[in-house]
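The entries follow the order in which I looked things up.

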Amino acid sequence: MYDVVIIGGGIAGSITGRFIKGNVLIVEEHKSIGTPLQCAGIISVRAAKELDFPKGLVNKVRGAYIYSKNSMLEIESKEIKAHVYERKVMDKDIAIKTAKKCDYLLKAYATVEREKNNYIVKVKHFDEEYTFKPKVVVGADGVKSTIGKKANLIKNKDREILSSCQFEFVNVSVDDDFVYIFFDKKYTENFFIWIIPMGKDRVRVGLLSKGNAHNNLINFIENHPVAKDILKKATPIEFSSGALPIGYINRSVRDNLLLVGDAACHVKPLSGGGIYYSTLAGKIAGNIITDYLNGEENLKNYDREWKRVFGDDIKKGLWLRKIIYRLDNKTLDKIFNKLKDSEIIDYINKYGDIEEQAKITSHVFDYLKNKFGFNLLKFLFFK
Ligand SMILES: Cc1cc2nc3c(=O)[nH]c(=O)nc-3n(C[C@H](O)[C@H](O)[C@H](O)COP(=O)(O)OP(=O)(O)OC[C@H]3O[C@@H](n4cnc5c(N)ncnc54)[C@H](O)[C@@H]3O)c2cc1C
């Protein structure tokens, strides 16, 4: 009865469903779309447009204060650079629009099994069990992606998983035009810490880490001077934890099954942003599945298409990530001091775009290379 069953009702699943012309069922294990929260909710204006400016916008920012341990870069634009969303509202609004043409089954846990040369879907919904034999199965089931693992599309060597922890605080005092980013090995080795204003008196403070994300975040909140200042009268109103995949999977299609969003590592390696790529991948998947249902397309071309659109950016981001997270606090301070008041900051102010992090970071490295020549390696890696 259903042409397509999508497993996962997050952004990737809902956008994919919306772009399919056919009968679609979206199966979601939770009782409500958009919960539990696992996101800082910041996206570029370009990404917001790609999502047709969904409901849930709480703030707009036009710059960033980026801290190393002892230095700070101020990136500022006259224009709005990013939108901050209440993800629960955003995801639900996206689902409401998708529900005009797709069915949702909530509180329903799906697994896949192989039958002949195809995958079929088994769904447990309260005491009932259903079996679906759709023409296409989509694994939009996020970072865990039991579907991707079952189809042998996800291998541990292709991705690293960072755990996350985040608080929302009210009664804070913050410059709500700017996000605050901190690179400090004391709190997280493999990522950065963020303070994202959701308005003048509300922020999200979070981090991603390979270690104990909760302890590291508490340490940051209690000890970092900037955090202490912003949060001195703050009251926490929400706590969330989760995980994010960073990596590149070469193959995301097997037989009649394909993966989108976090399930397929459609995440920016430098910032952890996944909403934009999930949206692009969802649209690509939706269109290819439509053509496939009409007998005009091979599902395998989905891999070719998402790689063409943003695959190289992920690869470049992974490469830059390897360099950035090898740098210790002292070297980061040195780099920040070199970049401060340099022409590269004017370039970032003018052209900076959170969807183009790999490109912008490459420019920064090119700038450093021009300044230091062969001494750059010495500067970065030898004391
Ligand atoms: C702490 C943190 C902060 C982040 N901040 C940002 C940010 O500021 N900006 C940004 O762009 N990105 C951010 N991201 C990344 C972003 O949240 C994800 O990339 C994005 O939500 C991916 O969407 P998705 O639909 O692929 O996965 P998800 O949103 O995880 O959706 C997957 C859905 O599948 C369901 N599901 C899983 N298994 C099954 C099953 N077997 N049966 C039925 N349902 C199932 C889950 O319940 C879930 O609803 C952040 C991530 C983290 C962890």
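**Entry 1**

I looked up Lys107 and found it partly exposed, with a relative accessible area of 40%. The scale I use takes buried as under 20% relative accessible area, exposed as over 50%, and partly exposed as in between, with a 1.4 Å probe and protein chains only. Lys107 sits in the loop between strand 8 (103–105) and strand 9 (108–115). Helices (H or I, at least four residues) and strands (E, at least two) are DSSP runs, numbered from the N terminus. I noted a positive phi of about 55° for Lys107, although it is not a glycine.

The model is predicted, so I kept to its limits: local features need pLDDT of at least 70, side-chain atom pairs count only at pLDDT 80 or more, and totals for chains, interfaces and linings use all residues. Residues are numbered from 1 along each chain as its sequence is written, and side-chain values use heavy atoms, with hydrogens and water left out.

I then turned to Phe126, which also has a positive phi, near 50°, and is a residue other than glycine. Phe126 lies in the loop between strand 10 (118–125) and strand 11 (128–132). At 55% relative accessibility, Phe126 counts as exposed.

**Entry 1: a cis bond**

Which peptide bond did I find to be cis? The bond from Thr35 to Pro36 is cis, with omega near -10°. Pro36 is placed in the loop between strand 2 and strand 3 (42–44).

**Entry 2: domains**

I took the domain bounds from an automatic or database domain assignment. That assignment gives domain 1 (4–38 + 88–158 + 246–320), domain 2 (42–48 + 55–85 + 161–243) and domain 3 (329–381). The centres of domain 2 and domain 3, taken over C-alpha atoms, are separated by 22 Å. For contact I used heavy atoms within 4.5 Å. On that basis, 22 residues of domain 2 are in contact with 17 residues of domain 3.

**Entry 3: the cores**

I searched for nonpolar cores, meaning sets of buried Ala, Val, Leu, Ile, Met, Phe, Trp, Tyr and Cys residues joined through side-chain atoms within 4.5 Å. In soluble globular proteins, nonpolar side chains tend to be buried together. The largest core here has 42 residues, and Val138, Leu258, Val260 and Tyr302 have the most contacts inside it. Among the elements that give two or more residues to this core are strand 1 (4–7), helix 1 (11–18), helix 3 (87–98), strand 12 (136–139), helix 7 (275–293) and helix 8 (301–324). Helix 7 supplies the largest share, 9 residues. Domain 1 and domain 2 both give residues to this core, so it lies between them.

Leaving aside neighbours within four places in sequence, Val138 is in contact with Val4, Val5, Ile6, Ile7, Thr16, Leu258, Val260 and Ile289. I also noted a second, separate core of 40 residues, which includes Phe192, Leu270, Ile323 and Ile345.

**Entry 4: two helix pairs**

For helix pairs, I used axes that are lines fitted to C-alpha atoms over the stretch in contact, and angles that run from 0 to 180 degrees between N-to-C directions. Helix 1 and helix 3 pack at an angle of about 20°, with their axes 9 Å apart. That makes helix 1 roughly parallel to helix 3, since angles under 35 degrees count as roughly parallel, over 145 as roughly antiparallel, 65 to 115 as roughly perpendicular and the rest as oblique. Residues in this contact include Ile11, Ser14 and Ile15 of helix 1 and Met90, Asp91 and Ile94 of helix 3.

The axes of helix 7 and helix 8 come within 9 Å and cross at roughly 160°. Helix 7 and helix 8 are therefore roughly antiparallel to each other. Among the residues that meet are Tyr277, Leu280 and Ala281 in helix 7 and Tyr302, Glu305 and Trp306 in helix 8.

Asn298 is in the loop between helix 7 and helix 8. I found Asn298 partly exposed, at 42% relative accessibility.

Is Phe178 buried or exposed? Phe178 is buried, with a relative accessible area of 3%. Phe178 belongs to strand 14 (residues 178–182). Not counting residues up to four places away in sequence, Phe178 touches Val61, Arg62, Gly63, Ala64, Tyr65, Glu74, Ile75, Glu76 and Pro197.
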